[in-house]
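Here is a short report on selected helices and strands. Look at the sequence and the structure, then read on.

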Amino acid sequence: MAERDRGGEVRPAADDAIADLYAAHWTGLVRLAWLLLRDDLAAEEVVQDAFIAVHRRWDTIRNHQAAAAYLRRAVVNGARSGLRHRGVEERYVAREQGEPTAYTRHTEASAEDRALQSETTSSMIGALGRLPQRQREVLTMRYYLDLSEAEIADALGISAGSVKAHAHRGLATLRDRMEAAS
Amino acid sequence: MSDRTDFLHPDYEPGEFDQVERHLRQALARDVQQVHPSHRLDTILHEAHEAGPVTATGGSGPRRWVMPLAAAAAVAAIIGGVWWSGQDDGGGVTPPVHTGPSVVPSETAPDLPTTAPTSPPSTATSSATGGPVTTQPVSLPVYFVGPIGDDKPTYKLFRDFIRDDLPSDASPVEKAKAALVLAINAQPYSNTDGYLQPWSGQTIGSVTVTDGLITIDLANSGNPDAAVTPEIQRLAVQELVWTAQAAIQQTLPVRFEVAGASTKLFGSISTDQTFTRPGKDELWKDVAPVWITSPARDQVVPAAKPVVVQGLAIVFEATINWELKRGSTQVATGHAMASIGAPMQGQYSIGLGKLSAGSYTVSVRELSPKDGSVSAEKSVSFAVK
């Protein structure tokens, strides 16, 4: 829809852009955040904040690709600080118990879902969870979102060489754990 | 995968990590299957607008709409013209019927009179041809006159999708007749939704489409006691117009005939004219500000699935407020944005997430820009099991 400047008050261009970005990236990014945070609600909130930030900065971003990169950075950073303040977690648990709605689903607790997963999946995910944070982030972005090394470097604010090194170390550890388990 | 050789450290042995990469990829893909993000686009847009843009100067002050300015925006929206290209219900969130314009076969619309001569009050199914007719359930868009939910009350049109069994080869004209028969009987919804019954005592005769004109035969001219104000009489006529046009899937002008003669419907509206629905920027003349299209009335939603409330709204600044109650206890409230504000009709969507089992009512409201009172409200009850 055409951009219309209604006294600068309504910004259809930003709305449209966000709607497109949302359609393309919302689910993937929430799942990425969830892989890093292991908390449904916290994951959605981190990604929601990232989208709001892009909307508010749309006048300077103005480009789909740049926006996607911005979103990834914001999500990874959001997930990191979410982990840092693990207080987040207690708060959500408390909220979940306090409210009758199922808004807050704390996924870790779902025994049923766990049972549905094959053992390989859960041992692999478990091993991934025990890796250092950077390695975990790199491998998750790589093997879940299929991001390139450059994209991962950009999202994490580290050099391409560091991405390689983290990936290598992470994969080596995972391989060792798999072999030890079998 | 393309830059895989880039990705891994140069001194890795070829194939060293093939297996672990594959396992990891699969594990991640499976693991995320349990995550079903709720729908938050409305919240994102709303909060982004609340917060306002981050400008180069660093200012991100609050942006409160100034009323006169909003009025100007509304005018701008009118000038802006057509928002989506589908016809009326084209933006409809509920999919069963497409009312696209101009996709209908040809102008030689079938001139087949359905059922019966004009007079007998047979409550008409469709064509009574001999032999077994296979029927199938279809969902017909039917319009009703109901209260918009302010405290006057004001009445406007609401759309419901109603299931009916029709011959599997039913033509648009036959569907129109079936839908009209449903439209004149609001009784099943008068208790739950307060729909009026202005056509009490009416019978739909034949429905024909010729030369780009829909003609609806009525058994009588309507009882003024059942439609007590000029506005309700007008809306009563319009509900038939909207219903017929939706079934025919073309915005053709509609003419009424009462026993083949011209007369005045409800003693006041001449049948010597054609009727149609208003243009896109004037839908509010006929259409209620808030429709809920999903969940349907009394729908049962599985507890495993997140509940999403969807609908159409012609509301100030595209803003709606909502409240979710379980039984009589409020469990959540919030606001959402429709895709466009009044005078255009926008789509909205509210993600409620997964709900625990129980009976719920969701109310979607427009608040008066003047004093914050409820200027329109629609509620729907549903169950989660």
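The expected span of a helix is 1.5 Å times one less than its number of residues. The model discussed here is predicted.

**A helix in chain A**

Helix α2 of chain A covers residues 40–56. At 1.5 Å a residue, its 17 residues should span 24 Å, and the end C-alpha atoms are 24 Å apart, so the two values agree. Is α2(A) enclosed or open? Of its 17 residues, 14 are buried, so the rest of the structure largely encloses α2(A).

**A hairpin in chain B**

Strand β3(B) is mostly covered, with five of its seven residues buried. β3(B) and β4(B) form a hairpin, and two residues lie between them. In that turn, Asp211(B) has a positive phi of about 50°. Thr210(B) has Leu213(B) in β4(B) as its bridge partner.

**An open sheet in chain B**

Strands of a sheet pair through backbone hydrogen bonds, either parallel or antiparallel. Chain B holds an open sheet of five strands with mixed pairing. What is the order of its strands? The order is β9-β15-β14-β11-β12. β9 (300–301) and β12 (329–337) of chain B are the edge strands, and each pairs on one side only. Inside the order, β14(B) pairs with β15(B). Val362(B) stands opposite Val380(B) in β15(B).

| Strand | Partner strand | Sense and bridges |
|---|---|---|
| β3(B), residues 204–210 | β4(B), residues 213–218 | antiparallel, five bridges |
| β14(B), residues 358–367 | β15(B), residues 374–384 | antiparallel, 10 bridges |

Methods. Residues are numbered from 1 along each chain as its sequence is written. Chains are lettered from A and ligands numbered from 1 in the order in which they are written. This is a predicted model: local features need pLDDT of at least 70, side-chain atom pairs count only at pLDDT 80 or more; totals for chains, interfaces and linings use all residues. A residue is buried if 20 or more other C-beta atoms lie within 10 Å of its own, exposed if 12 or fewer, and partly exposed in between; C-beta atoms are placed from the backbone. Helices (H or I, at least four residues) and strands (E, at least two) are DSSP runs, numbered from the N terminus. Two strands pair if DSSP finds at least two bridges between them.
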